[in-house]
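Colleague: I would like to learn how to read this structure, one feature at a time. Please give the general idea before each case.

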Amino acid sequence: LSYGPELQTIDFGAYNLICFSGKNGHGKSALLDAITWAVWGYARKTVGAAKADQGLLRLGQTNMIVCLDFYCNNTHYRIRRELTIRHNKPVAALDYGIVQEDGSVSSLTDKTIRATQNKIEQTIHLDFESFCNSAFLRQGQSNEFCKKSPKDRKEILTKILGLQQYETIRRL
């Protein structure tokens with residue numbers, strides 16, 4: 001599913017809204033998978049899979065890397081996620097940081113991938129499930145939100161709207 005060994009750079013900076021269209025097999029879904037894999041470590045075809053990351057590797061390859069630069073609250077961030085297969089074992093890495101004006105990166109990476117992932121989600125205030133139910137319609141799953149229980153829908157909307165603080169106040 002990856003784009004291959006050649007470095008591919010795509011800059012969306014000049015656009016406020018983007019629509020991907022084209023024939024099957026031209027890489028639209030692979031590009032969206034790269035974005036969601038970089039941010040959350042999940043992609044369309046890998047959610048719930050036993051070897052999820054490995055399912056994204058291009059056939060015959062043992063390494064993949066996605067670097068994603070984005071802005072949130074006027075701060076420039078960079079996520080770099082990598083997977084390498086060494087001796088038939090997957091080795092994953094996740095780096096996260098703030099990009100400075102001179103191009104250097106101030107690391108926000110924590111000791112574990114899970115802790116670093118939590119920092120990313122705290123920054124963007126969105127987990128993968130909330131993203132898929134609010135801003136990203138995955139192919140063949142446009143009714144995913146409707147299939148959820150009322151409790152799950154409430155939880156997703158609470159995350160999207162940032163209402164957790166009011167729940168804390170209610171409990172107090």
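Modeller: A polar contact is a pair of N or O atoms within 3.5 Å; within protein, one of the two must be able to donate a hydrogen and the other to accept it, and residues adjacent in sequence count only if both atoms are side-chain atoms. The model here is predicted, so local features need pLDDT of at least 70 and side-chain atom pairs count only at pLDDT 80 or more, while totals for chains, interfaces and linings use all residues. Residues are numbered from 1 along each chain as its sequence is written, and side-chain values use heavy atoms, with hydrogens and water left out.

Colleague: With which side chains does His 76 make polar contacts?

Modeller: The side chain of His 76 has a polar contact of 3.0 Å with the side chain of Asp 69. Another, of 3.4 Å, joins His 76 to the side chain of Tyr 71.

Colleague: Where is His 76 placed, and which residues does His 76 touch?

Modeller: Helices (H or I, at least four residues) and strands (E, at least two) are DSSP runs, numbered from the N terminus. His 76 belongs to strand β2. Contact means heavy atoms within 4.5 Å. Leaving aside residues up to four places away in sequence, His 76 touches Asp 69, Phe 70, Tyr 71, Gly 97, Ile 98 and Val 99.

Colleague: How many helices and strands does the protein have?

Modeller: The protein has six helices and four strands, in the order α-β-β-β-β-α-α-α-α-α along the sequence. Among contacts between residues at least 6 apart in sequence, 39% join residues at least 24 apart.

Colleague: What share of the residues is buried?

Modeller: Buried means under 20% relative accessible area, exposed means over 50%, and partly exposed lies in between (1.4 Å probe, protein chains only). Of the 172 residues, 28% count as buried.

Colleague: How is a pair of aromatic rings described?

Modeller: The description uses the distance of the centres and the angle of the planes. Rings of Phe, Tyr and Trp (its six-membered ring) pair if their centres lie within 6.5 Å; planes under 30 degrees apart count as stacked, over 60 as edge-to-face, and the rest as tilted. By this rule the protein has five aromatic pairs. One of them, Tyr 42 with Phe 128, is tilted, at 5.2 Å centre to centre and 35° between the planes. This pair links distant parts of the chain, 86 residues apart: Tyr 42 is in the loop between α1 and β1 (63-72), and Phe 128 is in helix α3.

Colleague: Are Tyr 42 and Phe 128 buried or exposed?

Modeller: Tyr 42 is partly exposed because its relative accessible area is 39%, whereas Phe 128, at 9%, is buried. Phe 70 and Tyr 77 form a stacked pair, with 5.4 Å from centre to centre and 20° between the planes. Phe 70 counts as buried at 15% relative accessibility, and Tyr 77 counts as buried at 11%.

Colleague: Which residues do ring pairs link into a cluster?

Modeller: The cluster consists of Trp 40, Tyr 42, Phe 128 and Phe 131.

Colleague: How should I read a pocket?

Modeller: On a 1 Å grid over the protein atoms alone, a pocket is an open set of points where a 1.4 Å probe fits, with protein on both sides within 12 Å along at least five of seven lines; lining residues have an atom within 4 Å of a point. Grid points are joined across faces, edges and corners, and a volume is the space filled by probe spheres set on the points. The second largest pocket holds about 430 Å³ of space. Its lining has 20 residues, of which Trp 40, Gly 41, Tyr 42, Arg 81 and Gln 117 are the closest to its centre.

Colleague: Which element supplies the largest share of the lining of the second largest pocket?

Modeller: That is α2, with five residues. At least two residues each come from α1 (28-40), β2 (75-86), β3 (89-99), α2 (113-124) and α3 (128-132). For residue types, Ala, Val, Leu, Ile, Met, Phe, Trp, Tyr, Cys and Pro count as nonpolar, Asp, Glu, Lys and Arg as charged, and the others, Gly among them, as polar. The lining divides into ten nonpolar, three polar and seven charged residues.

Colleague: Where does Asn 74 lie?

Modeller: Asn 74 lies in the loop between β1 and β2. Its phi is near 65°, a positive value in a residue other than glycine. Asn 74 is exposed, with 80% relative accessible area.
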